[in-house]
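Hi everyone, thanks for coming. Please have a look at the chain on the screen, and I'll talk you through it.

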Amino acid sequence: MAEIAMAEIGKTVLDSGWLAARSTEVELTGLQLTTTHPPDGPTSPWMEAVVPGTVLATLVKNKVVADPFYGMENEMIIDIADSGREYYTFWFFTKFQCKLSGTQHLDLHFRAINYSAEVYLNGHKKVLPKGMFQRHSLEVTDVLSPDGANLLAVLVHPPDHPGSIPPQGGQGGDHEIGKDVATQYVEGWDWIAPVRDRNTGIWDEVSISLTGPVKIIDPHLVSSFFDDYTRAYLHAATELENRSAWVAECSLNIQVTTELEGSVCLVEHLQTQHVSIPPRARIKFTFPQLLFYKPNLWWPNGMGKQSLYNVSITIDVKGYGESDSWGHMFGFRKIESHIDSATGGRLFKVNGQLIFIRGGNWILSDCLLRLSKERYKTDIKFHADMNLNMIRCWGGGLAERPEFYHYCDVYGLLVWQDFWITGDVDGRGIPVSNPNGPLDHDLFLLCARDTVKLLRNHPSLTLWVGGNEQVPPEDINTALKNDLKLHPFFENQGENALTMEELSTEFNDPSQYLDGTRVYIQGSMWDGFANGKGDFTDGPYEIQNPEDFFKDDYYEYGFNPEVGSVGMPVAATIRATMPPEGWQIPLFKKLPNGFTEEVPNPIWEYHKYIPYSKPGKVHDQIEPYGIPKDLDDFCLKAQLVNYIQYRALLEGWASRMWSKYTGVLIWKTQNPWSGLRGQFYDHLLDQTAGFYGCRCAAEPIHIQLNIATFFIEAVNTTSEELQNVAIEASVWDLEGACPYYEVFDKLSLPPKKVVSISELKYPKSKNPKPVYFLLLKLYHVSNYSIISRNFYWLHLPGGDYKLLEPYRNKEIPLKVTTKTFFRGSSYEIEVNVQNKSQKPDPKILTYKNNYASRYDDGDFDMASLEPIHDEAEEKQRAGLVQRLCRQFSRETDGLKVAEIDGYDVGVAFFLNFSILSSKPDNKEGEDTRILPVHYSDNYFSLVPGEEISVKISFQVPQGVSPILALKGWNYHHEWHTVV
């Protein structure tokens, strides 16, 4: 039970101790539940509730229904169309302790409920308005219990129009959900099965906040820049409400601090203003702007640091003291956007610098809305790890939560936020339905305006878009255009830019706008996206020939908001999310036209599997490696394809940066359930190899092979010229020989440019090998530090990769050195892997792969962690792990050194690490992976003599000992070492 001590100003989140019960099984009224007959614990019909979360999340937690993510279990859960809305109408109940003094006030906040609710507190009833995307704030000062023990019950009703699911499925079921202001994906899509309760529940934060007589409401922060970003102003405005019966004489304070090293804060500004607020009045107050000289700017991922300031606003009332406080992280940055005349694509500038957009589409983290800061942090960090710089929050999903945006602020992900309109449901689907959008347009606009106020202070928020593949109805669209119109300062750029004097004297302060700093685009295929006219010109959403991404006729327009492909996870995920009948791999069926059709098992089909072939267009991309024998073989070969597919997609776009393209968003980066398509990591948070193909291709500075022309290209997306760099290209055959080696030195790479270096001549040389490896490195000549490294496996035109199958029998010796650091449950391992099959070639001076700049996860400081030494207990525990190859360990300044035997010379191909758990009660067949894990690289390969360092970070559950495991294409058995 949450408690608030008397006179303690601030917020308390009510996220534990909730109970839930189906309304038809509770014979008591809300009045009785919150006065004389409160539930006394999780005894039938009451059960422990998931808040925030949905009704279905609660039912799954209590095993009332099976896990809808597992196998076909979702088919066993009754759909709301069959059960009726009452079946998913639930009571939620909790208690909290709070006792006020005479001049204090308490508010009860629901940050979102789906879809409507009646709230009872200590016998008093309040009906909340409908709508999934609006906040509800109730003053409950007068209904608190005198003894401080408060009883809260909430009756939550599903959406008014939950719809039904046609036998053929479809995009958004029968589209009835579009009549409400709610998520639309819940009726099912081509990437997800229907969500049976339609996300009914208290799905976002519930809290109580204690204030004095005056409270702060929805401050708005805006930055403006002058003199080439040397001078910046912070504009701030806030609403203030006086709840007392007298004039409140107030001191309103705004403070801006920045955190220095060692958690020391520097106060940049502190300003106090006197404000008089009439009794029972609500006013809007605008602070005088605050001047900053050369502030630290916030930059997107890959362009610079994500500098954040802490802005706090407090109000003191004469005769009372501190009455309320508010705080928010804020980034100084300026975003501009317009349509590029050369490509027709939409351009984005951040702080005056063009940014080439490489990002992904996002639905939501979990389709049972079990949202958490920890999960959001992992999700967003994964996107930053992939070197992406934009996330689009798709219109059939959520208006994402402040925690999502916080981590986008921290990790530098620009966010495109759709409102809740989709073409499939709102007028352009099959059948055509809801051409006028939701039934209640005023409710839609109320939710939209409230969402803007909730999110507008986040520097990562980049643009608002009216809908997915559709524009909102005319009246809604017109209102949004007006509400979200740019302030003249952000509208007039370049030579027509306003001076600070004009800004101050001729226009309202920017903070007085609802937003005013970001563009509003009416739909995802309008105004610089796709063909700009709203025609269906995004996509495709299937496997592609990798070389096609580089061709002139692949995609016609400048910015593709959706292009998707495959997403098969690793075999361990299939076993963890499906029964054995789901472990059957697809049947490879030869067709008369020479193409192969993959026929998946029914469970894969239910989980929306995308095949690795498109008969008539694309030959099966797994088949060139040989027909898979079993699940492990299939998933490993799928990872090879995942890596090639997504690297080629992003490299193809980068190859025509600014000349043809301004950006691309991949459909999609992840799945909110155990789906089998369009993902870089699965719902269990294990990455596919496509994750690392993306990470490679989206580097800010990148070396690549145009696999359509076979020219080597260098891509510099940054604003700095690179001078005195060189490119090393080496070809390695399956015998470990290097038949081709060339260095291109004395190069300069201009900013924001793609430079074609030279054709790779090996395929046209005398007697090239049918399958070979290509290693490209871009490095500084001065110290041989690596800027970019890119490894390809290739075959001659018309060939295949079947020679890689016997290559799996190659035994390549490796040396693995590990050093482990920990703090509490946080672990970080530095691993160095060396291919010992032969000594480094004397002419190759980059074999150590010392990178010019390290990727750092920023989660904790390694210097503050304690090294793990190889004590006797560690050795004894390590001895319990079965060794599948010879290994020896020794203590060397906290290092562990292991050698994996091998007697062949060649490339150590497609190596990948994983972290496993070791505990006494591990069961046979149990999924022992520790997830999530952040790797600085994975699915990597090493040529003879080469070495590479990989940084691994993760959290360990209590009572678990982590094990580092290594597998690879020519390493059939896992090598293990206890961390």
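I'll start with the overall build and then go inside to the cores.

First, some housekeeping: this is a predicted model, where local features need pLDDT of at least 70, side-chain atom pairs count only at pLDDT 80 or more, and totals for chains, interfaces and linings use all residues. Numbering runs from 1 along each chain as its sequence is written, and side-chain values use heavy atoms, with hydrogens and water left out.

The chain has 15 helices and 49 strands, taken as DSSP runs (helices H or I, at least four residues; strands E, at least two) and numbered from the N terminus. Its radius of gyration, over C-alpha atoms, is 29 Å, close to the 30 Å from the globule rule for 979 residues, so the chain is as compact as a globular protein of that length. That rule is 2.2 Å times the number of residues to the power 0.38. The C-alpha trace spans about 90 × 65 × 65 Å along its principal axes.

How much of the chain is buried? The share is 63% of the 979 residues, with buried meaning under 20% relative accessible area (1.4 Å probe, protein chains only).

Now the inside. A nonpolar core here is a set of buried Ala, Val, Leu, Ile, Met, Phe, Trp, Tyr and Cys residues joined through side-chain atoms within 4.5 Å. The largest has 235 residues, and Trp793 is among those with the most contacts inside it. Helix α12, residues 631–655, gives the most to this core, with 15 residues. Apart from it lies another core of 48 residues, including Ile216 and Val350.

Conventions: Buried < 20%, exposed > 50% of the residue type's maximum accessible area, 1.4 Å probe, protein only.
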